[in-house]
Amino acid sequence: MDQNLEKMFVQAIQAFQNGNTEYAKSLLSMILKTSPNFSPALQVMGLIFASNGQADEAVKYLSRAEKFSPHDPGIQYNLAKALDSLGRNQEAISH
């Protein structure tokens, strides 16, 4: 990942932490257009959707993140929580 994308990612994290989720999503979307396999951006996007009560969207992003970082415990945990909130308990257990 180049320096500009890294700066955008840091800005997206800061925006999310400050409650500016729309700006964070727009930055992450730009990053993912250039680097669609960047699992940290996929994970943060999933967390944004999860924090907004959109578990179905969270699962989409977190599942993609898991494909590229299958042993990341944070991704596994957040994916399990999103699946559980959708009532998909059996799937959640495997994560």
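The model is predicted: local features need pLDDT of at least 70, side-chain atom pairs count only at pLDDT 80 or more, and totals for chains, interfaces and linings use all residues. Residues are numbered from 1 along each chain as its sequence is written, and side-chain values use heavy atoms, with hydrogens and water left out.

Helices and strands are DSSP runs, numbered from the N terminus (helices: H or I, at least four residues; strands: E, at least two). Helix α5 covers residues 73-85. The expected span of a helix is 1.5 Å times one less than its number of residues. For the 13 residues of α5 this gives 18 Å, and the end C-alpha atoms are 18 Å apart, so the two agree. At the start of α5, a side-chain oxygen of D72 comes to within 2.8 Å of the backbone nitrogen of G74. Just after the helix, G87 adopts a positive phi of about 80°.

In α5 the buried residues are I75, Q76, N78, L79, A80, A82 and L83. They pack against α3 (39-51), α4 (55-68) and α6 (89-93), where contact means heavy atoms within 4.5 Å.

Helix α4 has 14 residues. From its first C-alpha to its last, α4 reaches 20 Å, close to the 20 Å expected at 1.5 Å a residue. Its buried residues are A55, A58, V59, Y61, L62, A65 and E66. These residues of α4 pack against α2, α3 and α5.

A pair of aromatic rings is described by the distance of the centres and the angle of the planes. Rings of Phe, Tyr and Trp (its six-membered ring) pair if their centres lie within 6.5 Å; planes under 30 degrees apart count as stacked, over 60 as edge-to-face and the rest as tilted. A search of the whole structure finds two aromatic pairs. The ring centres of F9 and F38 are 5.3 Å apart and their planes stand at 80°, so this pair is edge-to-face. F9 lies in helix α1 (residues 3-17) and F38 in the loop between α2 (21-34) and α3, so the pair ties together parts 29 residues apart in sequence. F9 is buried, at 16% relative accessible area. F38 counts as partly exposed, at 21%. The rings of F49 and Y61 have centres 5.5 Å apart and planes at 10°, so they are stacked. This pair links distant parts of the chain, with F49 in helix α3 and Y61 in helix α4, twelve residues apart. Both F49 and Y61 are buried.

A salt bridge is a side-chain nitrogen of Lys or Arg within 4 Å of a carboxyl oxygen of Asp or Glu. Three are found in a search of the whole structure. K25 and E22 meet at 3.4 Å, N to O. Both lie in helix α2, three residues apart, about one turn of the helix. K25 is buried, at 16%, whereas E22 is exposed, at 52%. E57 and K60 meet at 3.0 Å, N to O. These two are three residues apart in helix α4, and so about one helical turn separates them. E57 is partly exposed, at 23%. In the bridge of R88 with E91, the closest N and O atoms are 2.8 Å apart. R88 is partly exposed, at 34%. E91 is partly exposed, at 38%.

Notes. Buried < 20%, exposed > 50% of the residue type's maximum accessible area, 1.4 Å probe, protein only. Polar contact = N/O pair within 3.5 Å; in protein donor to acceptor, adjacent residues only side chain to side chain.
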